[in-house]
Amino acid sequence: MHGEYKVPGGKLVVADVDVVDGLLRGPRISGDFFLEPDEALAAIDAALDGLPAGLDAHEIGARVQAGLPPGTVLLGLTAEAVGIAVRRAVARASDWRDHEWRLIHEGPQEPAVHMALDQVLAEEVAAGRRPPTLRVWEWASPAVIIGSFQSLRNEVDAAEAARAGVDVVRRISGGGAMFVEPGNTITYSLYAPESLVAGMSFAESYAFLDDWVLGALGDLGVRAWYRPLNDIASDQGKIAGAAQKRLAAGAVLHHVTMAYDIDAAKMTRVLRIGREKISDKGIASANKRVDPLRRQTGLPREEIIERMIGHFRARYGLVPDRPTEDELRLADKYVADKFTTPAWTARVP
């Protein structure tokens with residue numbers, strides 16, 4: 001069994017291992033990490049040999065840590081990263097490069113259509129009718145997107161949203177509310193088979209699925225990192241927030257909204273939670289909390305998107321695509337039957 005795990009901001013850890021009578025046998029850890037002393041690699045393999053194959057990554061990592069020689073230095077990896085690589089081997093996880101990734105980047109769509117397309121494309125990947133896909137969104141109008149489990153009235157000032165012409169929609173993933181405007185936001189979704197994140201917890205998969213965009217931001221001169229559970233941050237402030245949904249049919253939807261620019265005054269009028277967070281922190285302006293990419297890069301939004309796409313393509317390959325007619329018809333049905341209905345939008349009042 002073979003498993004790989006790229007440590008966010010770190011190095012690649014590779015695990016080759018057999019399972020005999022429910023135990024790990026003949027483990028071999030390798031990768032492009034740094035490790036001192038040399039004997040520590042053999043100690044890692046020895047610590048893994050004979051462990052129950054059903055242990056989770058944290059438990060495996062604890063056994064590895066306990067087996068390291070005193071004074072061992074790990075650079076580019078952690079003991080738990082070894083555990084994740086082993087779990088991915090046992091779970092027969094797929095790698096990014098095992099798939100032919102498709103790119104969808106269409107013209108502006110209304111917020112409810114984006115919600116529907118997220119559900120449709122994730123379902124199609126789960127059913128095996130669509131290859132794994134990266135979709136970059138373009139917004140036709142401003143919106144607040146609330147998480148699947150958020151209270152509508154607790155998150156959104158409905159009167160202010162109506163006055164500002166801001167649509168309110170609910171997505172199928174959890175997480176917090178996002179305020180978006182055309183031209184001021186960069187949003188993308190990944191639709192992947194669950195095998196891509198096999199052997200990982202939800203928290204571990206967030207960092208794993210966001211790693212490519214950290215590389216893309218680095219290419220743009222932005223030093224960014226993943227901040228648990230679901231933020232992408234820089235030393236200037238938060239850049240983006242992620243959300244995720246695992247479909248029982250066997251796919252993962254992972255989407256990220258990044259601030260290119262931001263109308264902080266409008267955002268705090270529309271979002272109730274925005275006011276509370278700013279008040280709690282004693283911060284006078286939301287600009288202190290969210291640092292837009294426009295200021296950090298000085299680049300047009302379109303160039304940032306193209307360079308992000310180019311980075312993904314260079315790492316994993318990317319074939320241009322568009323939604324099929326069947327996918328668009330189903331999305332239209334979901335818009336009418338679900339995403340524009342009070343039963344869905346106010347399902348948590």
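Mentor: Phe34, Val73 and Leu75 form a nonpolar patch on the surface, with about 280 Å² of accessible area together (Shrake-Rupley method, 1.4 Å probe, with only the protein chains shown counting as cover for residues). Such patches take residues with over 30% relative accessible area and no salt bridge, nonpolar side chains being joined within 5 Å and like charges within 9 Å; a salt bridge puts a side-chain nitrogen of Lys or Arg within 4 Å of a carboxyl oxygen of Asp or Glu. This is a predicted model, in which local features need pLDDT of at least 70 and side-chain atom pairs pLDDT 80 or more, while totals for chains, interfaces and linings use all residues. Residues are numbered from 1 along each chain as its sequence is written, and side-chain values use heavy atoms, without hydrogens and water.

Val73 lies in strand β5, residues 73-75 (strands are DSSP E runs of at least two residues, helices H or I runs of at least four, numbered from the N terminus). Val73 has 39% relative accessibility and therefore counts as partly exposed (buried is under 20%, exposed over 50%, partly exposed in between, with a 1.4 Å probe and protein chains only).

Elsewhere, β2 (residues 12-20) pairs in the antiparallel sense with β1 (residues 2-6) over 5 bridges and with β3 (residues 23-31) over 7 bridges, where pairing requires at least two DSSP bridges. Val14 has Ser30 as its bridge partner in β3, and the β2-β3 hairpin leaves 2 residues between its strands, with Asp21 in the turn at a positive phi of about 55 degrees.
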